[in-house]
Structures are given as C-alpha cells and as structure tokens.
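Trainee: Please take one part of this model and walk me through it closely. I would like the helix packing, then what surrounds it.

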Amino acid sequence: MQQWICNEPGVWVSQEAEMPSRTPGFSLLRVRNIGICGTDIHAFAGNQPFFSYPRILGHELAVEIVKSDTFEMGELATIIPYFNCTSCDACAAGKPNCCESLQVFGVHVDGGMREYIVVEDRYILPGKGLSADELALVEPLSIAAHGLRRAALKKGEKVLVMGAGPIGLFTILLAKIQGASVEVAEPNSSRLQFCLDHLGVTEGSSAAYSAVIDATGNLQAIESGFAKMSHGGKYVLIGLQKQAISFSHPEFHKREATLMSSRNATIEDFEYVMNLFRDKKIQAAPFISHRFSKNQVSGIFTKINEPTQQVIKSMIILAE
Ligand SMILES: [Zn+2]
Ligand SMILES: [Zn+2]
C-alpha cells in the first residue's frame, strides 16, 4: 500500500509500505477521506510544538471497515484520534481528551495518510448514514463542540468568536445552533466575508461579551480577548500557541471572570456532531473548499499555502 510521510519539516515523501496487521480488539480500515488541519500544516512547516519526525500526518478521517470483530465490513466510520491511557486522573474523571499521556493519531504517533490503518475498536465510531465528507469533518467540528460545552452557553447569550479558520467557523455554526447571539472577530477580509455570507453573523464591535472564545491560537489576539469579556464573563481558549499569556489581574478580578482551556473533544462531542449531520442541522459542502485526489497528495502543502487559494477546509479523497 501507499503512504505519505513527513520525513522532516518541508520534506514530504510517498512510499510503498507493508499492509498493517490486525490483532484482536483492533480493526483494519481503508482510509477514504482525510481532512487537512492546521496541525498538519504547522507540522509540515516545522512550527508545531512537541512534534517529532518522521511522522505520517492525518487525523481527520473517514474510513471504511475492512476487517473487524466488532463492526460490519464495508461500513463507513470515523475515528476518535485521541489515544488515552485509561488510568490517569483525567481518564478516571471521564476526561480522556486531556489524558496525561495522550497520544494523538497523526501527531504523536503515525496517523492516517496511508491507504490502510489498524485502529483499536474503542476509537472507531460507525457512521450510520453519514457520508465520507461528513465523517471527515466530525473531528474538527467536535473540537468546536467541546469548546462550546466548556462555555455552557445559555440561549441568547452574547458570544464573540475570535478567528474564522475552520475551528472558528465551526464554533460559530454550533453556537448559533445552540441559540447564542454570535459575533466574529477576524482580520482577514475574505474569511470575515465568508462568515457574514454563509453563517449570518455580524462583525464584533467594542461591546462586552459574556462568552469570548478564542480560535486563533495567536498570542496578541488571545491577550486582547480578556478586555472583551463582560463582568461575570468567561473566556475559553480552543486555539493554542507557544508563549506565556499575560493579562491585568485587576481587570480580570473585577469581572470575576472564568478562564478555561479546551483540549480535543470526547465521544459525547463526536456523537453530538454526528447527530447534527443525521438531523440535517449542519452540512459539509460549504466548508470543503478544496479536494485532492490520491495522485495530488505530493504537492498538497505547497498548494494550500498559496494565499490566493482561500482555503477553508482541504480534503484528500484517497478512495471512493
Ligand atoms: Zn485537526
Ligand atoms: Zn489517561
């Protein structure tokens, strides 16, 4: 089978590999769609923290069951790419998404940019009616869903989403479904325009918001978000960056504000998103801006980095 591997930053090779072998409790899966994420792009560029090479990237997957003791052959599925230990404090507390020794498929261990993979059954979620396009979007949508679950929005709550990359867009989409009154802050005019046209939100003003959600992962943006919280407000950081954050303690204190991080997602978030697709409350098509076939994979990172491309979400279709 063919696989694509990032040998070192900027070096991307296609190679032949042995078919992976399956053991009990694991399923052999054929990779159908692979969504390209900021993490993959940063890893290829060499600016992803805690990343080692060589690495097979890819964690936003739609797969087909090939051999399994648990699932039906031919069935489409997605995977929860966060491999947890099951025994640390976070796992014991029902928070496997922030397991102390978490291994993310395609980040800390080799991922899905190959024709076949073997994955433990407990990380496989059968699609039950979802398309391969939808299934490959479930993971990034679940990241947004998890951040919103941390925010615990009430109907009509005034929310500012900072950043309109895929995670920001998905956060806006789901916050609106949850009945929040959502505004967006995004300096890139074409990304902002997409939000105004397709998601029916308005641009953020100087108002105060009871929930501010960062999906930029940009230090300056994150630090500016503290002043945008109303008194009694909360701030959820979905985006991640490398540096220390500083903010005014008196300003934070007088608001009696709450600061939260949001890491990955749990099975509850995955199921929430899959049900939204089943109930036709969300659609995949508007968010998939670029499609690449198997023989276009080698040039993919140079292609999607061209600023003229206006990429929302790129997807590799490895098999149909
Ligand atoms: Zn991702
Ligand atoms: Zn754990």
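Mentor: This is a predicted model. Start with helix 3 and helix 4, residues 166–177. The two pack at an angle of about 55 degrees, and their axes are 8 Å apart. The crossing of helix 3 past helix 4 is right-handed. Helix 3 makes the contact with P140, L141, I143, A144, A145, G147 and L148. Helix 4 answers with P166, I167, F170, T171, L174 and A175. By class, that contact has eleven nonpolar and two polar residues, and no charged ones.

Now the sheet. Helix 3 spans residues 132–151 and lies across strand 13 (209–214), strand 14 (229–237) and strand 15. Its direction is at about 150 degrees to strand 14. The sheet is open, with six strands in the order 12-11-10-13-14-15 and parallel pairing. Strand 12 (202–203) and strand 15 (258–261) are at the edges with a single partner strand each, so one side of each has no neighbour in the sheet. Further in, strand 10 (residues 158–162) pairs with strand 11 (residues 181–185) in the parallel sense, over five bridges. There, L160 stands opposite E183 of strand 11.

Last, the wider setting. The protein is divided into domain 1 (2–131 + 284–317) and domain 2 (143–261). Their C-alpha centres lie 27 Å apart. Eight residues of domain 1 are in contact with eight of domain 2. On the domain 1 side, four of these are nonpolar, three polar and one charged.

Conventions. Residues are numbered from 1 along each chain as its sequence is written. Chains are lettered from A and ligands numbered from 1 in the order in which they are written. This is a predicted model: local features need pLDDT of at least 70, side-chain atom pairs count only at pLDDT 80 or more; totals for chains, interfaces and linings use all residues. Two strands pair if DSSP finds at least two bridges between them. Helices (H or I, at least four residues) and strands (E, at least two) are DSSP runs, numbered from the N terminus. Two residues are in contact if their C-beta atoms, placed from the backbone, lie within 7 Å. Axes are lines fitted to C-alpha atoms, for helices over the stretch in contact, and angles run from 0 to 180 degrees between N-to-C directions. Domain bounds come from an automatic or database domain assignment. Ala, Val, Leu, Ile, Met, Phe, Trp, Tyr, Cys and Pro count as nonpolar, Asp, Glu, Lys and Arg as charged, and the others, Gly among them, as polar. A crossing is left-handed if the near helix is turned anticlockwise from the far one by less than a right angle, and right-handed if clockwise.
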